[in-house]
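Me: Could we go through this model together, beginning with the ligand site? I would then like to turn to a few individual residues.

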Amino acid sequence: MNAPKVTPTVPDAQTVLGVKHYTDRLFSFKVTRPKTLRFRSGEFVMIGLLKDDGRPLLRAYSIASPAWDDELEFYSIKVPDGPLTSKLQHVKKGDQIILRPKPVGTLVHDALLPGKRIWFFATGTGIAPFSSLLREPQTYEDYEQIILTHTCRNKNELVYGENLIQEIRHGGIMSDLVGDKAVKKLEYYPTTTRDPSNQMGRITDLLENGKLLKDLGIESISQETDRAMVCGSIGLNTDLKKIFERFGLKEGANSEPAHYVVEKAFVG
Ligand code: A2P
């Protein structure tokens, strides 16, 4: 006699509320937020799906929505042979995903000492934690100037960030939360490395050759004024750390706040 087929129940299940595909490599989706989930803007959680054997397959994903939002947004790469993203890219409204409600991370305001200017350096899907932090009122309360740099290979990979900036500047919610004047503190510096665009080049090169600072009218980066958060590939993170250290900035952590923090963007 065959054993009856058991459909595994999804532990820590949340329901997909919507999915948006940007390119054949990028998509975002929103899920319900567990009522008990508290997180700091910039943190990540483990999310995933059940494998065929009924066991969970989880990866760390930055929460792209701000801490005040009722829904949780995620921004993801699609890797054709990636164990999770090859399946996750097909989720639809009404599907369930697993979300472990234990947020953690270093890209949080608590890991930085007070400063005047905050830099968010992102490549690819590394923009996700900054999507959260750029909609976090504390960012506008704590800093006089807020700069987001986003570098992607191609122009169509910048669209998620362009939409985010458009929403912050003109969507009305951030003006209601922090006021029009505060929203004007935000500067956006998108660059591409492969497609021709208005601003081309790796952000590391643009920072080292002085172009980024010149374009923004900033004289230099210093321990007294500048704070930075970085989210990208290991290569970007390592290269930027070296540049920051030359400017005299020190790496911070939740336990010991300093001048900059880095986190690896999810890549597979
Ligand atoms: P490049 O096209 O020169 O490799 P990916 O899509 O591979 O995650 O890369 C996202 C962006 O990050 C690309 O524009 C890529 O530039 C850039 N990038 C990758 N590694 C570094 C690095 N070490 N320093 C600066 N930019 C980097």
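This is a predicted model: local features need pLDDT of at least 70, side-chain atom pairs count only at pLDDT 80 or more; totals for chains, interfaces and linings use all residues.

Me: How many residues surround the ligand, and which are the closest?
Reply: The ligand is surrounded by 13 residues, and the closest are Arg153, Thr193, Arg194, Arg202 and Asp239.

Me: Which distances do the side chains of Arg153, Thr193 and Arg194 show to ligand oxygen atoms?
Reply: For Thr193, a side-chain N or O atom is 2.6 Å from an oxygen atom of the ligand. The corresponding distance is 2.8 Å for an N or O atom in the side chain of Arg194, and a polar side-chain atom of Arg153 lies 2.9 Å from a ligand oxygen. A polar contact is a pair of N or O atoms within 3.5 Å; within protein, one must be able to donate a hydrogen and the other to accept it, and residues adjacent in sequence count only if both atoms are side-chain atoms.

Me: What is the make-up of the shell by class?
Reply: The shell around the ligand has 2 nonpolar, 6 polar and 5 charged residues. Ala, Val, Leu, Ile, Met, Phe, Trp, Tyr, Cys and Pro count as nonpolar, Asp, Glu, Lys and Arg as charged, and the others, Gly among them, as polar.

Me: Which element gives the largest share?
Reply: That is α9, with 3 residues. Helices (H or I, at least four residues) and strands (E, at least two) are DSSP runs, numbered from the N terminus.

Me: Changing topic, is Ser65 buried or exposed?
Reply: Ser65 counts as buried because its relative accessibility is 1%; buried means under 20% relative accessible area, exposed over 50%, and partly exposed in between (1.4 Å probe, protein chains only). Ser65 is placed in the loop between β4 (56–62) and β5 (71–77), and a polar atom of its side chain lies 3.2 Å from the backbone oxygen of Glu71.

Me: And where is Thr23?
Reply: Thr23 is in the loop between β1 (13–21) and β2 (26–32), and it is buried at 11% relative accessibility.

Me: Why is Pro190 classed as partly exposed?
Reply: Pro190 is classed as partly exposed because its relative accessible area is 25%. Pro190 lies in strand β9 (residues 186–192).

Terms used: Residues are numbered from 1 along each chain as its sequence is written. Side-chain values use heavy atoms; hydrogens and water are left out. A residue is near a molecule or strand if one of its heavy atoms lies within 4 Å of it.
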